[in-house]
Amino acid sequence: MIRKLNNKGMTAIEVLVTFVIVVVIVVSMYDGIMDLKNRETIASYKLSLVTYKNLLTKDIQDDLAKIGLATVRTESLTGGTGYRVIMVLRDGSQRYLEVTQIFGCAALDDLEAMDLCDDYGIPRDRSDEFSISYGPPDDLVEYPLPDLGHEVIDYNGEHTIYSLRITGVDVSTSNQVFSIKVTMSHPDLGSRYSLNIVSPINYP
């Protein structure tokens, strides 16, 4: 027996299946677009950080390579807000390398504030502040870290927490070789683009 075709239009099941297929396609396209946008953002962040690091490295290494380093010592900035590396060059001039490392309070409530801020002596309304300055003592040039994403927290007053932070400063003068590593960390980039400076001390 031959059945007649249904010419009355789409059934409810056909409409539902079509709708599901369309939703799956739209969601897949959206995920793809968002992934591409995230990759472009990370690539932009990487370029900004590499440019920052290379510019600062060049300015410092130019002095150390062309003039030479005679002596070096390190001291803390006022209030424990960072470090100052005092470099005396072979021509008698001085260069300061100052690293400002002030952590803000990233807590969103009282419970987090006790663990993240109070235990470390960080005021609950304080913002992040990270920068590197370099140059002669009377003509320091500040190199603020590039803004690679930040969050404005409205807790105990508005304050800002940055994604890119200076998480460590290591200085060594072992074996008459000066080295400093300023670790710059970012959730998406890690710490691979940190600042590294190496120079012999009083090399003849």
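Does Thr100 count as buried or exposed, and at what relative accessibility? At 15% relative accessibility, Thr100 counts as buried, where buried means under 20% relative accessible area, exposed means over 50%, and partly exposed lies in between (1.4 Å probe, protein chains only). This residue has its place in strand β3. Leaving aside residues up to four places away in sequence, Thr100 touches Leu77, Thr81, Glu129, Phe130, Ser131 and Ile166, a contact being heavy atoms within 4.5 Å.

The model is predicted, and local features need pLDDT of at least 70, side-chain atom pairs count only at pLDDT 80 or more, while totals for chains, interfaces and linings use all residues. Residues are numbered from 1 along each chain as its sequence is written, and side-chain values use heavy atoms, with hydrogens and water left out.

Now to the overall fold. The protein has 2 helices and 10 strands; helices (H or I, at least four residues) and strands (E, at least two) are DSSP runs, numbered from the N terminus. The radius of gyration of the protein is 27 Å, well over the 17 Å that the globule rule gives for 204 residues, so the protein is more spread out than a compact globule. Here the radius is taken over C-alpha atoms, and the globule rule is 2.2 Å times the number of residues to the power 0.38. Along the principal axes, the C-alpha atoms fill a box of roughly 105 × 45 × 30 Å.

Of the 204 residues, 33% count as buried. Among contacts between residues at least 6 apart in sequence, 49% join residues at least 24 apart.

The cysteines come next. A disulfide is a covalent bond between the sulfur atoms of two cysteines. Counting pairs of cysteine sulfur atoms within 2.5 Å as disulfides, the protein has 1 disulfide. This bond joins Cys105 to Cys117, with an S to S distance of 2.0 Å. The pair links distant parts of the chain, 12 residues apart: Cys105 is in the loop between β3 (94–102) and α2 (110–116), and Cys117 is in the loop between α2 and β4 (129–135). The link of Cys105 and Cys117 is right-handed, with 90° about the S-S bond. Both Cys105 and Cys117 are buried.
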